[in-house]
Amino acid sequence: MQRALGPRTTHAPGASVGRQRLVDRVKLVVASDLSRRWALTDIAAEVGCSAVYLTQVFQQVEGVPLYRYQLRLRLARALDLLGQYDDLSALSFDLGFCSHSHFSAAFQQTYGRSPSEFRQLALHP
């Protein structure tokens, strides 16, 4: 459960228990299918609130926008799976990225190395 939810990035003062629970439900929804490109309206419908409210609450409780949280979650999963994929394009599509170049750019920006470089270092230290 903790791995799916991830650590809370901030303990927002004034965030009610209800808002924190809403964010936890959102995290579970997003983590339930990392290959899906979740639209904000779909997530909001899953948890039963408006997209605007969801955006505000998520930012308040987590300290990061929901789209950035989703990206970080998918990139963290990529780290787990890099050794299992020979074709990094397939990995990028399995994690819901629209292209291999988008995946590689996001990965490099987050981890400082391309997925190929990271995999080489991990497999051959």
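1. Let me start with Asp-80, which is partly exposed at 34% relative accessibility; here buried means under 20% relative accessible area, exposed over 50%, and partly exposed in between (1.4 Å probe, protein chains only). Arg-77 also counts as partly exposed, at 34% relative accessibility. A salt bridge links Arg-77 to Asp-80, with the closest N and O atoms 3.7 Å apart; the term stands for a side-chain nitrogen of Lys or Arg within 4 Å of a carboxyl oxygen of Asp or Glu.

2. A word on the basis: this is a predicted model, where local features need pLDDT of at least 70 and side-chain atom pairs count only at pLDDT 80 or more, while totals for chains, interfaces and linings use all residues. Residues are numbered from 1 along each chain as its sequence is written, and side-chain values use heavy atoms, leaving out hydrogens and water.

3. Arg-77 and Asp-80 are three residues apart in helix α5, so about one helical turn separates them. Helices (H or I, at least four residues) are DSSP runs, numbered from the N terminus. Helix α5 covers residues 66–81, and its buried residues include Leu-66, Tyr-69, Leu-73 and Arg-74.

4. By the same rule, the salt bridge count comes to three. Another one joins Glu-62 and Lys-27, whose closest N and O atoms are 3.3 Å apart. Glu-62 sits in helix α4 (residues 51–62) and Lys-27 in helix α2 (residues 17–32), so the pair ties together parts 35 residues apart in sequence. Glu-62 is buried at 1% relative accessibility, and Lys-27 is buried at 1% too.

5. Finally, Arg-36 forms a salt bridge with Asp-42, the closest N and O atoms being 3.3 Å apart. Arg-36 is partly exposed at 33%, and Asp-42 is partly exposed at 31%.

Note on methods. Helix = DSSP H or I, 4+ residues; strand = E, 2+ residues; numbered from the N terminus. Expected span 1.5 Å × (residues − 1).
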